[in-house]
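Colleague: Could you walk me through this one while I have it open? I'd like to go piece by piece.

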Amino acid sequence: MKIKKNSADYDAKLSDFQDKIGFYFTDIKLLEEALTHSSYANESALPFFNERLEFLGDAVLELISSDKLYREHNETDEGGLTRLRSRLVCKESLARWADGIGLRPLIKLGKSLIKNGPTESVEADAAEAVFGAVYLDGGYEAARSVVVKFLETQGDCEPSEVIDAKTELQQLFQSRGSDVPYYKTIERKGPDHAKKFKVKVTVDGEKLAEAWGDSIKDAEFNAAKAALKNI
């Protein structure tokens with residue numbers, strides 16, 4: 001089934017967006033898929049939405065950002081590189097980029113979400129889906145060009161003393177000679193367009209905390225924060 005025909009205004013915004021990222025899709029439907037939220041797909045009986053592309057784009061983003069940081073910070077150890085990457089490619093960074101480059105109004109949402117617009121998580125997921133779509137349409141070098149432009153919008157990056165909750169929790173238990181924290185999704189609830197996830201974090205089989213989030217990634221960070229408070 002084909003996606004509904006775009007309005008001239010939407011087509012113009014798609015063209016402008018491609019101008020901004022410096023990549024022009026051969027298969028424009030890949031870009032449309034990257035911008036289609038599951039709520040819109042469900043209401044419109046479309047056979048596709050952007051979650052698979054987001055999965056791919058997340059991996060593309062991790063590889064390219066890791067490669068860039070590895071080459072630019074040859075005196076920074078693995079832990080420092082991990083913290084740098086976490087800061088660069090976090091949900092907030094991706095959402096800010098999505099806003100600044102004009103991606104936000106292109107995301108197709110179901111009627112239940114249109115009023116408030118896309119959340120920060122939805123914007124970040126769409127951004128990663130775009131990276132995945134570029135990779136499929138243009139290959140690694142094209143994806144690298146687009147991702148590097150995103151990374152360059154984050155400013156100069158130096159090793160920071162600020163550590164995200166998951167990294168802090170991992171370092172704490174590693175310093176004690178324990179296993180690294182293990183995260184497991186134990187519950188899901190809500191409709192597809194507004195699903196919530198519950199994650200449990202354990203170490204050496206002992207439960208440290210549980211927490212909910214709008215995505216599995218968010219729930220993991222929330223569980224890590226809760227575990228640090230409990231400790």
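Modeller: Let me begin with the hairpin that β1 and β2 form, which has 6 residues between the two strands, and where Gly 190 in the turn has a positive phi of about 95 degrees. Please keep in mind throughout that this is a predicted model.

Colleague: In what sense do β1 and β2 pair, and over how many bridges?

Modeller: Strand β1, covering residues 182-189, pairs with β2 in the antiparallel sense, over 7 bridges.

Colleague: What does the side chain of Lys 198 make a polar contact with?

Modeller: The side chain of Lys 198 is joined to that of Glu 210 by a polar contact of 3.2 Å. Setting aside residues up to four places away in sequence, Lys 198 touches Lys 184, Thr 185, Ile 186 and Glu 187, as well as Glu 210, Ala 211 and Trp 212.

Colleague: And which lysine meets Glu 210 in a salt bridge?

Modeller: That is Lys 207, whose side chain meets the side chain of Glu 210 at 3.5 Å, N to O. Lys 207 is partly exposed at 49% relative accessibility, and Glu 210 is partly exposed too, with a relative accessible area of 30%.

Colleague: How many salt bridges does the structure hold?

Modeller: The structure holds 13 salt bridges. One of them is between Arg 85 and Glu 62, at 3.8 Å from N to O, and this pair links distant parts of the chain, with Arg 85 in helix α5 and Glu 62 in helix α4, 23 residues apart.

Colleague: What about Lys 196, how far apart are the closest N and O atoms there?

Modeller: The closest N and O atoms of Lys 196 and Asp 214 are 2.4 Å apart in their salt bridge. Lys 196 lies in strand β2 while Asp 214 is in the loop between β3 (206-213) and α11 (216-230), so the pair ties together parts that are 18 residues apart in sequence. Lys 196 is partly exposed, with a relative accessible area of 33%, and Asp 214 is also partly exposed, at 41%.

Colleague: What does Val 134 touch, beyond its sequence neighbours?

Modeller: Not counting residues up to four places away in sequence, Val 134 touches Ile 21, Phe 23, Phe 25, Gly 139, Ala 142, Ala 143 and Val 146.

Colleague: Last one: where is Gln 18, and what lies 2.8 Å from its side chain?

Modeller: Gln 18 is in helix α1, residues 8-21, and is buried, with a relative accessible area of 8%. A polar atom of the Gln 18 side chain lies 2.8 Å from the backbone nitrogen of Phe 25. Leaving aside neighbours within four places in sequence, Gln 18 is in contact with Phe 23, Tyr 24, Phe 25, Ile 28 and Leu 31.

Methods. Residues numbered from 1 in each chain as written. Predicted model: local features only at pLDDT ≥ 70, side-chain atom pairs only at ≥ 80, totals over all residues. Heavy atoms only, no water. Helix = DSSP H or I, 4+ residues; strand = E, 2+ residues; numbered from the N terminus. Buried < 20%, exposed > 50% of the residue type's maximum accessible area, 1.4 Å probe, protein only. Polar contact = N/O pair within 3.5 Å; in protein donor to acceptor, adjacent residues only side chain to side chain. Contact = heavy atoms within 4.5 Å. Pairing = 2+ DSSP bridges. Salt bridge = Lys/Arg side-chain N within 4 Å of Asp/Glu carboxyl O.
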